[in-house]
Amino acid sequence: MGKTRMVCVLLLTTLCGAQMKTGSDMPRYAEVFGLEKAQLASNYKVEEIAVEAGSSAMANVLWPGEPLTVILHFTNETQSELKASGRVEVVSYGTSVPPGDVWVPHVFKIAEGGSTPIEIDLPASGSQDITIHPQIPERFGGYALIADVEGHGRAFAAAVVRTVRPDEGRVQFPTYALDMTWDEFMNEGVFVLFQKLGVKGARMGGAYDAKSEPDYEQSMSRLDRYMNWARKHDVTVMLTLGDGGGRSDQPLGRPRPWLNGDNRMLDTKDDRAWLPAYDDDFQQWVQQIASHYGWPKGNLNAVELWNEPWEAVSISGWGADIPRYRDIFTHMAEGVEAARKQAGVQVLIGGTCSSSNARDKLFPDGSNHFLKWLDFVSIHYQALAADPSLVPEWMHRVGPYGPVRVWDTESWIANSEDRVAGVIASMRAQGQSRTAGIFDGNVYQSKNIKLGDRVYPLVQAWSPAAAVAATQKFIGQRSFRQLLFQNGLPWVFVFDGLEDAGAGYANPDDGTVVIVGDLRKLYDSERTLFRSIEVSSDAQLTIQASGNVFQLYDFYGNPVPAKNNAITIPLNGRGYFLRTNGAPGSFHRLLAAIRAARSDGYSPVEIVAHDLTAPIAQHPVLKLTLTNVLNRAVSGRLEVRVENLNVRPLSAAVALKPNEAREFVFTVTRGKAAASNMYRLSAEFSGDDGKIVHEEDVRVNYIARRTIKIDGDLDDWQGVLPEVVPGIAFGPNLTEEAWLPFKDFGTSVPNGLATAYLAYDNDYFYFAAKIADSTLDPGMVRFAARDDNAYFYPDQVTGQDGQTLIWPTAVRHYSYKKNFDIPSGSGEHDNVLIAFNVLQRKPWLPNPPGVMPRFITYWDTDYEFALNPIADQYGGGTEMWRLLAPGMPRKHFFPRQPKATIDGGPVANAKLAMRREGNTRIVEAAVPWSEIPAVHKRVQAGQTVKFSCRINDNQGAAHELAAGRSVSKYNSVTFHDDWQEHWANEVEFGVEK
């Protein structure tokens with residue numbers, strides 16, 4: 001959703017209008033500023049046209065001690081003269097987004113400020129400029145200027161922030177970047193704002209126009225103007241390259257949307273990838289701009305190819321096949337390489353806007369051919385899932401530009417000031433060396449106000465800008481070191497000091513600590529560790545202040561004074577900064593003080609329940625893992641009850657060291673097996689530090705030993721323990737039809753409910769599922785015989801105006817004409833995915849440096865298969881497709897995607913049957929052991945196996961076996977597709993011998 005000239009304005013503004021709320025569209029804006037309908041001025045309007053903020057102009061940003069001078073342009077909207085007294089009020093305000101709606105900041109009032117008197121003397125339909133010097137408090141934060149004319153109503157005049165003073169100078173590789181605005185709003189004031197906030201980096205569009213295009217000179221002049229402003233104001237630029245809007249370089253002489261069944265163009269997003277004949281010209285253009293603007297003589301540090309170039313369709317005009325992307329990427333890379341060699345510039349090559357897209361477009365063939373050109377991978381909206389930092393080939397890349405950098409160039413999830421510090425700190429902890437985090441429209445609003453023959457550039461600054469400045473000042477270019485508490489709370493992010501000028505090493509006493517009490521306020525709770533821990537509204541961390549050595553700052557950068565020689569930090573979703581006075585050894589002392597600090601308001605332990613792995617009659621053990629999340633020892637008792645089962649012991653004494661995790665074992669001594677195979681667990685820990693009750697349905701996870709006939713008849717499965725997908729309880733009237741394999745679902749069972757069954761013999765692993773599903777799916781493509789060319793433009797199409805258009809000869813038909821079909825089903829079909837997690841050694845690193853395993857997404861699944869129904873038009877029947885196996889590149893099997901030596905495909909010798917009876921969908925499969933040898937090895941040894949399944953529905957939500965389990969959390973790569981939500985493959989099964 002980034003903004004470059006190549007993006008269709010209508011598409012982006014429609015999206016932003018539906019999602020992002022900025023300026024006057026923010027909830028409670030009118031109420032807080034006294035601008036509700038009855039209060040609004042009706043006969044005049046006011047615009048800020050000039051500002052002096054200390055020694056700078058054009059941007060409403062004040063450093064400490066700087067005065068503000070504003071020129072307001074009043075216009076009489078009536079045919080009568082307007083004379084009146086009035087005032088311009090200063091309102092201190094803030095914004096905050098509610099949980100679950102990160103793109104909608106709500107405005108709240110902090111305090112009324114002073115006011116500046118004004119006298120209005122406007123002739124009929126005339127105007128008047130009034131210069132004012134409003135007194136802006138020294139407190140860092142946001143301030144609104146509101147004009148109030150007696151008897152004539154109120155109007156918004158300006159938005160101003162006062163911020164900490166940033167570190168000066170330019171930086172080659174900024175750790176934070178903000179987006180530039182649209183061309184129509186661009187001016188030098190935007191760069192002034194960046195400089196005054198300490199924002200060292202920007203993402204900006206680089207629109208490629210062929211030299212033959214009439215807009216070429218204008219486009220180059222615009223780029224030159226922007227890049228010169230960037231150099232002047234110490235803003236380092238990454239250019240997102242793409243189509244400039246020309247037509248002569250396009251197949252058919254125009255962008256290409258999807259087609260209907262008659263090959264007539266539809267009103268959809270389109271493909272704007274230029275003809276291959278222009279690739280050499282594009283390469284020369286890349287070399288030209290890299291040579292001219294590249295670091296160090298210029299401020300261009302990187303280029304990427306296209307914004308969000310998703311497969312088949314995207315918001316930014318990419319809709320070509322993977323070979324076309326690889327071709328253009330190659331030309332971009334070779335253009336940069338030539339500039340490096342001939343002009344001595346240091347410009348990075350990268351992009352793709354997601355790690356999944358990088359894998360699919362650049363590495364699907366299993367080779368590392370493009371690795372030499374992947375200096376950085378850009379990612380968007382991979383919350384706690386920055387998985388490029390886990391890829392060893394990328395992290396251990398050797399060369400002049402070092403490891404592959406992980407750059408978040410668009411994840412707008414910190415759109416109010418209270419979220420900025422926590423989001424940026426946690427992004428850096430994921431291994432990201434560059435972050436975004438905030439939608440630019442929530443930071444600033446730029447205008448070019450035209451009055452007569454003159455244009456007044458003016459940039460408003462909203463309250464989150466103050467938090468951006470504080471984060472840049474206190475985190476900025478500092479390197480993330482570690483989470484101080486590796487297995488507990490609060491979240492204490494430690495950043496090393498900046499390098500002293502000329503010293504060659506980091507100042508050990510210039511470090512910053514960011515403390516966040518509850519990451520669930522910033523991210524979906526299912527993504528976070530310790531998600532079951534309760535946090536009271538008054539939770540706090542208390543640190544001994546050590547005189548004036550330690551200093552706490554709020555997210556705006558305001559100092560928070562200690563009281564009674566103690567620093568108290570609220571433990572909520574906000575990020576707070578802790579620093580020292582820089583005395584020798586002070587940062588080491590600060591970390592020691594935090595380790596010894598006292599946290600209050602957390603439930604003391606996290607309880608994770610592990611399922612039983614043997615039948616009730618075999619007296620299985622129930623394992624509970626308790627983790628002490630506090631930085632002090634805790635003790636107490638753990639009491640356990642399991643519905644309809646007797647367990648021994650009934651309770652256990654608990655004594656845990658700080659942040660220690662320990663397993664407690666309870667044996668089922670007696671009980672009756674439930675037909676549902678679900679047993680309600682209640683585990684309660686109580687001690688001096690509080691209590692917590694954990695409730696969860698546990699099951700007996702057991703792979704039966706028996707031979708199954710794969711015929712769609714589940715009679716063979718009688719007696720095999722069912723697995724509920726998802727794990728929800730139903731009343732007694734549903735028990736029989738829900739749990740018994742030979743009973744079909746009736747209309748009273750909700751769509752999506754499924755029961756799964758697992759078994760094995762000497763030759764196969766067996767899986768079956770009975771799924772409640774009232775919506776028919778005609779089936780899928782047979783992927784072993786998929787006609788990849790059928791997804792792309794034909795020789796002849798019809799435009800929306802009825803004109804016949806001919807694809808150029810000798811040019812591959814690379815533009816998608818419709819959406820892709822892929823073996824995972826992409827959530828659009830009635831198929832099932834099954835996955836196994838059995839290998840100890842995974843292809844990825846377990847975690848980024850400085851954090852614990854599972855802090856972000858991680859590699860769990862080793863084998864994954866799609867069980868697909870095939871549509872009659874593609875031959876009918878079924879197909880089992882290997883989606884993942886050891887040695888395979890992770891990919892999505894798009895049309896024309898390059899193949900690897902070890903790759904996915906139809907599973908030979910597999911058996912798969914599917915049938916439907918009324919509202920019941922039956923799936924029955926046999927996977928030969930030759931496909932899953934590591935699973936077979938564990939089964940033969942009588943060891944447990946981690947397994948999960950995903951039930952897809954063509955018209956409903958998908959359901960996964962591990963959903964909601966305490967042993968699991970959101971994990972984007974457990975199943976395909978990577979862009980969907982999945983639950984980690986951590987449910988463990990025992991094996992019948």
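How many of the 13 residues of helix α9 (residues 417-429) are buried?

1. **Helix α9.** The count is 13 of the 13, so α9 is largely enclosed by the rest of the structure. Buried means under 20% relative accessible area, exposed over 50%, and partly exposed in between (1.4 Å probe, protein chains only). Helices (H or I, at least four residues) and strands (E, at least two) are DSSP runs, numbered from the N terminus. G431 follows α9, and its phi is positive, near 95 degrees.

2. **Basis.** This is a predicted model: local features need pLDDT of at least 70, side-chain atom pairs count only at pLDDT 80 or more, and totals for chains, interfaces and linings use all residues. Residues are numbered from 1 along each chain as its sequence is written, and side-chain values use heavy atoms, without hydrogens or water.

3. **D773.** This residue sits in the loop between β41 (764-772) and β42 (796-798). D773 is buried, with a relative accessible area of 0%. Beyond its neighbours within four places in sequence, D773 has contacts (heavy atoms within 4.5 Å) that include N751, D830, R916 and D953. R921 is also among them.

4. **Cysteines.** C353 is buried at 0% relative accessible area. C949 is buried too, at 0% relative accessibility. The whole structure has 0 disulfides, a disulfide being a pair of cysteine sulfur atoms within 2.5 Å.

5. **A sheet.** Four strands form an open sheet in the order β2-β1-β4-β7, with antiparallel pairing. Its edge strands are β2 (56-57) and β7 (127-132), each pairing on one side only. Strands pair if DSSP finds at least two bridges between them. β1 (residues 44-53) and β4 (residues 68-76) share 9 bridges. K45 has T75 in β4 as its bridge partner.
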